Amino acid sequence: MIVTIDGPAGSGKSSVAKIVAERLSAAFLDSGAMYRAVTLAAMDEGTNLEDQAALLAVLEGKDFNFDITGGRMVVSIDGIDATESIRRLDVTENVKYIARAPMIRSKLVEIQRQFAREHEIIVTEGRDLGTVVFPDAKFKFFLVADPAERARRRHAELAEKGTDIDIAKLEEDIRLRDASDIEREHSPLLKADDAIEIDTTPLDLPGVVEKILFYVSRKA
Ligand code: C5P
């Protein structure tokens, strides 16, 4: 059984997907972490991020590990923990180069499908899980939220970690990332025809989780 949760940056996918996975005793797959890990590895190698063959060499030459430990995805590159560093702002800014490279995408999609074969139930989140990676998934959700609200959430999240970034700058970053995810040629951010759209703007985290679990229990 596969549950896909797609949507733009900051729509709450990640937090929601983790809890839904826990509640369904499912394995959790954060596909964005994979794009981030390749980005970080390429940056560390000084790779030209526009050179697809060079990016592919990074993906194939390094040992990427995506393990679930205590319900969260732990990422390592050549044995070094990268769970936190893949969230760095400079990685977020550069991930678009990796996300628009079809050769990288097809390799990562293969890993994602392999992950699904290895687990009985998975909850997975990203941009193209319901459209490209798992078009036959039984449960598909597409989360959206107002950009201003997404910026407010991101601001609160960062403030909790002791970082204060101007909320207008965060909203601008969100709009730019949306544009690059929606406009890219390969596997753009898109709602699958059969996905259930949930606007999370007026909802809190438990509210979104309950909505998803309600739909899943109704159709299971
Ligand atoms: O979800 P997260 O913000 O961690 O994803 C980082 C980036 O990876 C996204 O902005 C997007 O460009 C890319 N991505 C993607 N396809 C996915 C998941 C993430 O292109 N399935």
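This is a predicted model: local features need pLDDT of at least 70, side-chain atom pairs count only at pLDDT 80 or more; totals for chains, interfaces and linings use all residues.
**Exercise 1. How many bridges pair strand 3 with strand 4, and in which sense do the two strands run?**

Solution. Let us begin with the pair itself. Strand 4 covers residues 72-77, and six bridges pair this strand with strand 3 in the antiparallel sense.

**Exercise 2. What is the strand order of the open sheet with five strands, and which are its edge strands?**

Solution. Step one is the order: the five strands run 2-6-1-7-8 in an open sheet, and their pairing is parallel. Step two is the edges: strand 2 (27-30) and strand 8 (196-199) each pair on one side only. Step three is the twist, which averages 20° from one strand to the next.

Strand 1 (residues 2-6) and strand 6 (residues 122-126) run parallel and are joined by five bridges. Within this pair, Asp6 has Gly126 in strand 6 as its bridge partner.

Finally, look for helices on the sheet. Helix 2 packs there, touching strand 2 and strand 6, and its direction makes about 45° with that of strand 2. Helix 9 (residues 205-219) also packs on the sheet; this helix touches strand 1, strand 7 (139-144) and strand 8, and its direction makes about 160° with that of strand 7.

**Exercise 3. At what angle do helix 1 and helix 9 pack, and how far apart are their axes?**

Solution. A reminder before you start: two packed helices are described by the angle between their axes and the distance between the axes. For helix 1 (residues 13-23) and helix 9, the angle is about 50° and the axes are 10 Å apart. That makes the two helices oblique to each other. Their crossing is right-handed.

Now find the residues that meet. Helix 1 brings Ser15, Val16, Ile19, Val20 and Arg23, while helix 9 brings Leu205, Val208, Val209, Glu210, Ile212 and Leu213. Sorted by type, the residues of this contact are eight nonpolar, one polar and two charged.

**Exercise 4. Are helix 3 and helix 5 roughly parallel or oblique to each other?**

Solution. Start from the axes: those of helix 3 and helix 5 come within 9 Å and cross at roughly 25°. Angles under 35 degrees count as roughly parallel, and therefore helix 3 and helix 5 are roughly parallel to each other. At their contact, Gln52, Leu55, Leu56, Leu59 and Glu60 of helix 3 meet Pro102, Met103, Ile104, Lys107 and Leu108 of helix 5. The contact divides into seven nonpolar, one polar and two charged residues.

There is one more link to spot here. Lys107 and Glu60 form a salt bridge, with their closest N and O atoms 3.1 Å apart. This pair links distant parts of the chain, since Lys107 in helix 5 and Glu60 in helix 3 (residues 52-61) are 47 residues apart. In the whole structure, a search finds 18 salt bridges.

**Exercise 5. Which residues of helix 2 and helix 5 make the contact between them?**

Solution. First place the helices: helix 2 (residues 31-45) and helix 5 (residues 102-118) have axes that come within 11 Å and cross at roughly 135°. These two helices are therefore oblique to each other. Helix 2 passes helix 5 in a right-handed crossing. On the helix 2 side, the contact is made by Ser31, Met34, Tyr35 and Val38; on the helix 5 side, by Ile104, Arg105, Leu108, Ile111 and Gln112. To finish, sort these residues: six are nonpolar, two polar and one charged.

Terms used. Residues are numbered from 1 along each chain as its sequence is written. Side-chain values use heavy atoms; hydrogens and water are left out. Two strands pair if DSSP finds at least two bridges between them. Helices (H or I, at least four residues) and strands (E, at least two) are DSSP runs, numbered from the N terminus. Axes are lines fitted to C-alpha atoms, for helices over the stretch in contact, and angles run from 0 to 180 degrees between N-to-C directions. Angles under 35 degrees count as roughly parallel, over 145 as roughly antiparallel, 65 to 115 as roughly perpendicular and the rest as oblique. A crossing is left-handed if the near helix is turned anticlockwise from the far one by less than a right angle, and right-handed if clockwise. Contact means heavy atoms within 4.5 Å. Ala, Val, Leu, Ile, Met, Phe, Trp, Tyr, Cys and Pro count as nonpolar, Asp, Glu, Lys and Arg as charged, and the others, Gly among them, as polar. A salt bridge is a side-chain nitrogen of Lys or Arg within 4 Å of a carboxyl oxygen of Asp or Glu.
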